Amino acid sequence: MKRILGFTIPFLIVGAVAFFAVQWFLLRNVQIQVYIPKPSSFITSPLFVIEGRARGNWFFEASFPVKLLDGNGKLISSGIAQVDPPGENWMTNNFVPFHATLLYNGFSNTESGTLVLKRDNPSGLPQNDDEIRIPVFFR
């Protein structure tokens, strides 16, 4: 058998297939992806934008709640992320783009905080709760 960098070709092929299978499994279970803001980025007042995409089951009536907490867990701002563009089909298992704009007055006793995006759960059942927390810094 032909060898490349000390490995046989079948070993390389099996390794590549295993790598992509693991990546597929991990991505399959991802429920939400946030593009803006990135973790540990600076947010500015008075408005800051949140953009990303989430699986349709994160939405109820095309929206889900978003809140901004300071470093002590105190609520600074809250709002609603909505399907973007409006009218996009959110009743799907696929990813759906969303957009939110939060009003932030720039006042915080801490230098950092947490952006919380919460799966909308009209049933109130704990097994349907989910959220993502993104650390941010205030400017």
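Biologist: Which way do β3 and β5 pair, parallel or antiparallel?
Modeller: Antiparallel, in this predicted model: strand β3, residues 32-36, and strand β5, residues 47-55, share four bridges.

Biologist: Okay, and which residue in β5 is the bridge partner of Ile 36?
Modeller: That's Glu 51.

Biologist: What about β5 and β8, how many bridges there?
Modeller: Nine, and the pairing is antiparallel again, with β8 covering residues 95-103. For instance, Gly 52 has Phe 98 in β8 as its bridge partner.

Biologist: So what's the strand order in the whole sheet?
Modeller: Eight strands run in the order β3-β5-β8-β7-β6-β9-β10-β4, and the sheet is open with mixed pairing. The edges are β3 and β4, with β4 being residues 41-43, and each of them pairs on one side only. On average, neighbouring strands are turned by 30 degrees against each other, ignoring direction.

Biologist: Switching topic: how many aromatic pairs turn up?
Modeller: Five, searching the whole structure. One of them is Trp 58 with Phe 64, edge-to-face, with centres 5.7 Å apart and 80 degrees between the planes.

Biologist: Are those two buried or exposed?
Modeller: Both Trp 58 and Phe 64 are buried.

Biologist: And which residues do ring pairs link into a cluster?
Modeller: Trp 58, Phe 59, Phe 64 and Phe 98. That's the Phe 98 that bridges to Gly 52.

Biologist: Last one: which ring does the charged end of Arg 53 sit over?
Modeller: The ring of Phe 95, at 4.1 Å from its centre.

Terms used: Residues numbered from 1 in each chain as written. Predicted model: local features only at pLDDT ≥ 70, side-chain atom pairs only at ≥ 80, totals over all residues. Heavy atoms only, no water. Pairing = 2+ DSSP bridges. Helix = DSSP H or I, 4+ residues; strand = E, 2+ residues; numbered from the N terminus. Phe/Tyr/Trp six-rings, centres within 6.5 Å; stacked < 30°, edge-to-face > 60°. Buried < 20%, exposed > 50% of the residue type's maximum accessible area, 1.4 Å probe, protein only. Lys NZ or Arg CZ within 6 Å of the ring centre and 35° of its normal. Axes fitted to C-alpha atoms, helices over the stretch in contact; angles between N-to-C directions.
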